[in-house]
Amino acid sequence: FFSNLSPFKEKEKIGILGSYAVNNLPLEVVGKIGRGLTQVSNDGTPLPDAASSWDIKDGGKTYIFRLKQNLYFTDKSRVLSDSINVSFIDVKIQRPDSNTIVFKLKEPYAPFLITVSKPILKEKFIGIGDYRVGSVDLNGEFVESIDLVSVKDNKKTLSFQFYPTENALKMAFILGEVSRITGIRDVRFLNTTFYSFPSFQIEKRVNYSQLVTLFYNTQDKILSDKRLREALSYSVPDNFADGKRNRLPFSPFLWASSEGLETYQQDLTRAEELLKDSSVATKSASLTLTIKTLRTYEKAALEIKKSWSVLGIKTNIEIVEALPSAFQVFLGEFNVPQDPDQYSLWHSIQPNNITRYKNLRIDKLLEDGRQTIDQDKRKKIYADFQKYILDDPPATFLFFPYSYEVFRK
């Protein structure tokens with residue numbers, strides 16, 4: 001149902017890592033063809049986008065958005081309330097007039113302003129962005145490539161091509177299939193690196209959307225002791241080669257992040273004291289832990305193993321391709337929400353709580369945090385959340401991974 005593109009003078013081919021279905025394209029692509037009712041600033045604050053303003057009523061259960069005037073989709077139809085086709089579980093939608101859309105929630109939900117930042121798209125990927133979709137090539141259910149044409153200059157095209165593995169993405173760049181690749185975790189290629197190619201330019205970035213983390217199975221007979229988990233956290237290195245160290249569950253830029261909060265700087269003396277006080281103290285000489293790690297983080301796992309050996313802890317490392325169904329310690333990452341709400345990760349009743357963490361105080365703070373609309377009050381709630389989750393750690397937060405963009409000069 002997409003028209004074919006005519007030849008264009010300016011066509012940039014961009015390689016992206018990952019396999020995506022039509023309804024699950026990355027924000028890097030979707031954000032160019034659509035805009036949400038809101039947009040999110042670097043510190044996580046919601047700002048107007050397709051909506052010029054909003055009101056929150058009924059204690060956070062009713063959100064009323066007023067649309068910007070003279071805003072158009074790329075098919076040149078005006079953006080009206082009845083053209084915004086969105087739906088959410090347990091949310092009723094009303095459209096009292098063409099410029100107003102109202103969401104009535106069953107319960108207060110403070111992150112809702114972030115939720116509606118997702119780009120609005122009509123059928124055939126018609127959005128409010130700077131680009132329109134020219135063509136899409138599919139391989140079964142998955143997108144092989146998608147071409148976007150600039151709304152302002154139809155001679156300018158961005159062609160996104162998707163590759164299932166990092167090696168395939170790098171090879172495509174070397175062979176000239178794409179002129180730019182993004183999101184790779186390292187610049188190694190075969191027996192050399194991209195730095196050895198004088199015609200290549202490399203930009204190193206920090207990926208603040210993912211936080212590499214050591215997840216502990218808090219119901220494990222050994223790791224159920226919080227003093228052991230604290231000891232393990234104090235022994236973790238202060239720096240990692242593959243990312244920017246971060247000891248809190250939030251980005252340092254997030255409005256709710258607690259500056260100056262005492263965190264786990266490496267302190268082997270303190271770690272030894274905690275280990276001696278733990279219930280496994282008598283077994284510490286023969287204590288053995290197993291880290292299951294994604295292959296990407298094997299180097300970090302080896303660094304952690306070295307630090308834990310100083311405490312007399314033997315560490316086995318197993319490489320896994322995905323989140324294991326059972327583990328003692330799992331080294332992986334989680335997607336950091338743009339809002340401080342991490343209810344699904346740490347609340348005791350949530351299926352995504354992979355550490356099987358149970359802490360009634362944390363449960364209450366997470367419940368209050370997502371139902372409190374006032375940002376100043378929320379900031380206090382999440383300051384307490386950070387304090388107490390570090391006091392009884394279900395995980396050790398490690399680093400935001402580096403990512404690289406490579407293109408030809």
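Since the model is predicted, local features need pLDDT of at least 70 and side-chain atom pairs count only at pLDDT 80 or more, while totals for chains, interfaces and linings use all residues. Residues are numbered from 1 along each chain as its sequence is written, and side-chain values use heavy atoms, with hydrogens and water left out.

Packing comes first. In soluble globular proteins, nonpolar side chains tend to be buried together. A nonpolar core here is a set of buried Ala, Val, Leu, Ile, Met, Phe, Trp, Tyr and Cys residues joined through side-chain atoms within 4.5 Å; buried means under 20% relative accessible area, exposed over 50%, and partly exposed in between (1.4 Å probe, protein chains only). The largest such core holds 58 residues, and the members that touch the most others are Leu214, Trp308, Leu331, Trp346, Phe385 and Leu398. Leaving aside residues up to four places away in sequence, the contacts of Leu214 (heavy atoms within 4.5 Å) include Val236, Ile291, Ile304, Trp308, Phe330 and Leu398. Another core, of 20 residues, lies apart from it, with Leu67, Leu71, Val79 and Ile101 among them.

Glu230 has a relative accessible area of 10% and touches Tyr264, Leu274, Asp391 and Pro393, not counting residues up to four places away in sequence.

On a 1 Å grid over the protein atoms alone, a cavity is a set of points where a 1.4 Å probe fits but cannot get out, and a pocket is an open set with protein on both sides within 12 Å along at least five of seven lines; lining residues have an atom within 4 Å of a point. Grid points are joined across faces, edges and corners, and a volume is the space filled by probe spheres set on the points. One cavity of 30 Å³ or more turns up, and the largest cavity takes in about 50 Å³. Ser233 belongs to its lining, as do Arg245, Arg247 and Tyr264, among others; β20 gives the largest share, three residues. The second largest pocket comes to about 400 Å³. Of its 15 lining residues, Ile89, Val91, Leu105, Tyr109 and Arg370 lie nearest the centre, and α8 brings the largest share, three residues.

Finally, the backbone. Most residues other than glycine have a negative phi. Lys76, in the loop between β5 (62-67) and β6 (91-97), has a positive phi of about 75° and is exposed at 72% relative accessibility. Lys124, in the loop between α2 and β8 (131-139), likewise has a positive phi, of about 60°, but is partly exposed at 48%.

Conventions: Helix = DSSP H or I, 4+ residues; strand = E, 2+ residues; numbered from the N terminus.
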